[in-house]
Amino acid sequence: MGVRAARLEDVDAVTSTQIRAWKAVYRDFLPPVPLEHMTGPAAEKMWRRQWEEAILSPPTPRHRLLVAVERVVPDTDAFTALGPGGILATAAQRASDRVVGLASHGPAEDPDLHPATTAELMTLLVDPNHIRRGHGSRLLNATVDHLREDGYSTVVTWVFADNHQMLGFLESAGWGEDEAERVLDMGRPIRMIRLTTDIS
């Protein structure tokens, strides 16, 4: 298990992880029609293009997409004829990373923030089939490490006010509300709140 920079070959896995995570978490508080617009086939194609662009041509060097991965090793029972050495060699060659989470960040874009010193955590998602394994914490820690290296002292993120799972996770990591909020029209008002943390 670990975190690394996303690669072009990760785009499909990143997109499907995002869609699965949104469906699993957002269905509890978002109206069904907007959620379908966010996660349906047309939206999935759009997100795939956007993630590809984020990897190939990020807006600035300070924009990054990170992925949490689990190492997948094939069942070596199928290689018994190769003998112990052959089994290990073949398994090592065929082992691969499975993307199970993602995090993206960049300079803060809110007009009341200074993008030279404040960054924004734009996305932090873990595949619903791989939660409770520390992937979210590893992604968050890796994000903070990168942002410190870039000279940032503060990070903000926007969270749906009813996303209690994410709020609880971030608050346990030392984040807190900074009183900024926005309301989205999604068939009914949906409130988002901004959280912040000091990483200096």
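How many bridges join strand 6 to strand 7, and do these strands run parallel or antiparallel? In this predicted model, strand 6, which covers residues 176-185, is joined to strand 7, residues 189-198, by 7 bridges, and the two run antiparallel. One place to look is Arg182, whose bridge partner in strand 7 is Met192. The hairpin formed by strand 6 and strand 7 has 3 residues between the strands, and in this hairpin Gly187 takes a positive phi near 90°.

Strands of a sheet pair through backbone hydrogen bonds, and they may do so in either a parallel or an antiparallel way. Here the sheet is open and holds 7 strands in the order 1-2-3-4-5-7-6, with mixed pairing. Strand 1 (2-5) and strand 6 stand at the edges, and because each has a single partner strand, one side of each is left without a neighbour in the sheet. From one strand to the next, the twist averages 30°.

Another antiparallel pair in the model is made by strand 3, residues 96-107, and strand 4, residues 118-126, which are joined by 7 bridges. Within this pair, Gly101 has Val126 of strand 4 as its bridge partner.

Helices also lie across these strands. Helix 1, residues 11-26, lies across strand 2 (64-72), strand 3, strand 4 and strand 5 (154-160), and it runs at about 80° to strand 3. Helix 6, residues 164-172, lies across strand 4, strand 5 and strand 7, and its direction is at about 160° to strand 5.

How values were computed
Residues are numbered from 1 along each chain as its sequence is written. This is a predicted model: local features need pLDDT of at least 70, side-chain atom pairs count only at pLDDT 80 or more; totals for chains, interfaces and linings use all residues. Side-chain values use heavy atoms; hydrogens and water are left out. Two strands pair if DSSP finds at least two bridges between them. Helices (H or I, at least four residues) and strands (E, at least two) are DSSP runs, numbered from the N terminus. Axes are lines fitted to C-alpha atoms, for helices over the stretch in contact, and angles run from 0 to 180 degrees between N-to-C directions. Contact means heavy atoms within 4.5 Å.
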